[in-house]
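Please open the structure in your viewer and follow the stops below in order.

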Amino acid sequence: MGVPAHATGAAMRYSGSTSRVADMPGLPFDLEVWRSTVARTVVPLEIEELGDVAFQGRLSRTVVEDVSLFEMVATPHTVRRTPDLISEDDPRFYKLSLQLAGSMVLKQDGRTAELRPGDLAIYDTHRPYTLAFPEANQAMVIMFPHELVDLPRDEVARVTATCFPSDAGLGRVINPFFVELGRNMDQLAGPHATRLVHSGLDLLVTMLSQELHRRLGPVANPARSLAREVREYILDHLGDLDLTPASLARAHFISTRHLYTIFSAEGQTVSAWIRTRRLERIRRDLGDPLLADRPVSWVAGRWGLPDAAHFSRLFKAEFGESPTGYRERILGGHRARAADVPAQSPPR
């Protein structure tokens, strides 16, 4: 899947707009404003014009909880996220890039992906990468914390800078969802924005998981295969009150020491991984308008944390606010609104 389908002569291609950016009205940003706006709203980057075309661009941003969605329209340019721009203390994000018009070449982790309209790829802001837009282009970029992906970072690193084309595999089903999301970002201002965005991220994880399975297979690394099996078991049993390291070890016919070894190799204890997944599921449900009539305690108990006081302490420690306060903020009108980033945004 590292080679775009268009390079293999596939007949079906994404049929969206491929109009020239010069034909798209309202490109208010020059290069200086673009650089400062991207540094403030995305991450600091080195950005240069490409060719002899004076840079012009337009950037719109929508924020849903801690997920940012951008629509970017620009003339040819290059982007570099260099080691000097990355600090160990920086928040860790993934970026999903969906090409809507024109092309893009992404390089990260020793791989190169060429994206045409309808193709998507993922990359990590905590490691160097380069982007090249050799022609006028339009793209949607979704930036989200590592924690929202139920896969270890080292496994995601195996599929960064991989083109997922719109006419092959799960791309036939999943890419059109993101295409329509990019076309209808105004819909993310309503009460169902959180559910819609998280549904998209779930689809992305499904696509990444399938690609990892295709590359690694069950016998490529038995220890890694067992780790994936244990994580999948945890996700299927998050609501079980008796989900513990001991019960996990018994279910997989291994010792608890072996279980701890599997997770220590990934930089997180098994208990911490379970707790993080539970809290993320609870947070998602608290922001779901379809569950607004359910008590907070019911939502927490649904995901295996029935002790209200203990859960409340965990939630506040993880997210910086109480579960009740979070629900009121998300469902009480403080929802994201799609709006153009001011053209004269101050530099970071």
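A residue is called buried under 20% relative accessible area, exposed over 50% and partly exposed in between, with a 1.4 Å probe and protein chains only. By that definition, 51% of the 348 residues in the protein chain are buried. This is a predicted model, in which local features need pLDDT of at least 70 and side-chain atom pairs count only at pLDDT 80 or more, while totals for chains, interfaces and linings use all residues. Residues are numbered from 1 along each chain as its sequence is written, and side-chain values use heavy atoms, without hydrogens and water.

Next, colour the chain by secondary structure: it comprises 11 helices and 11 strands, taken as DSSP runs (helices H or I, at least four residues; strands E, at least two) and numbered from the N terminus.

Now select the open sheet of 5 strands, ordered β1-β4-β9-β6-β7 with antiparallel pairing; two strands pair if DSSP finds at least two bridges between them. β1 (46-49) and β7 (111-115) stand at the edges with a single partner strand each, so one side of each has no neighbour in the sheet. Within this sheet, select β6 (residues 104-108), which pairs with β7 in the antiparallel sense over 5 bridges. Leu 106 stands opposite Ala 113 in β7.

Finally, select α8 (residues 270-286) and α10 (residues 308-319), whose axes come within 11 Å and cross at roughly 90°. The axes are lines fitted to C-alpha atoms over the stretch in contact, with angles from 0 to 180 degrees between N-to-C directions. Contact means heavy atoms within 4.5 Å; among the residues making it are Leu 279 and Ile 282 of α8 and Phe 311 and Phe 315 of α10.
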